[in-house]
Amino acid sequence: RRNILLTLLASAVLLTGCAEPPPAPPATDTLEAEPLVEQRILEATDAVKADPTSAEAWGRLGEIYDIHRFAEQALVCYEQASKIDPDEWLWPYFSGIVSRESDQAAAVAHFERAID
């Protein structure tokens, strides 16, 4: 019985160690934003760092980037939120909104994913 417990514990440790760590949120050091915008971005970034497995935290950070016209950063966040919660339609929909001006084909793909 002890051997079974040790085997299960060792397996759990190995599996946890093999899990891919979540990516870091987009870097903020090169952004040129007003102080209040920068503060909102940093607060939302801290929320993602506190819980990198939260689709809501990633999505909220994406929304803040999106609202303030940082499309590239918003897309990174929406994509991560979609990976964490693939059944949520909102993140691919927002990705489609952001992509529609620069990449129509990508926007269509995002909208189709949101519909699915």
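Predicted model: local features only at pLDDT ≥ 70, side-chain atom pairs only at ≥ 80, totals over all residues.
View A. Helix 5 spans residues 90–99. Seven of its ten residues are buried, so the rest of the structure largely encloses this helix. The buried residues are W91, P92, F94, S95, G96, V98 and S99. Their cover includes helix 3, helix 4 (71–84) and helix 6 (104–115).

**View B. The salt bridge between E63 and R60.** The structure holds one salt bridge. In this pair, the side chains of E63 and R60 meet at 3.5 Å, N to O. Both residues belong to helix 3 (residues 55–67). They lie three residues apart there, so about one helical turn separates them. R60 has a relative accessibility of 39%. That value falls between the 20% limit for buried and the 50% limit for exposed, so R60 counts as partly exposed.

**View C. T45 and its contacts.** T45 sits in helix 2, which covers residues 35–50. Its relative accessibility is 5%. Buried means under 20%, so T45 counts as buried. With neighbours within four places in sequence left aside, T45 is in contact with P25, T28, L61 and Y65.

Terms used: Residues numbered from 1 in each chain as written. Heavy atoms only, no water. Helix = DSSP H or I, 4+ residues; strand = E, 2+ residues; numbered from the N terminus. Buried < 20%, exposed > 50% of the residue type's maximum accessible area, 1.4 Å probe, protein only. Contact = heavy atoms within 4.5 Å. Salt bridge = Lys/Arg side-chain N within 4 Å of Asp/Glu carboxyl O.
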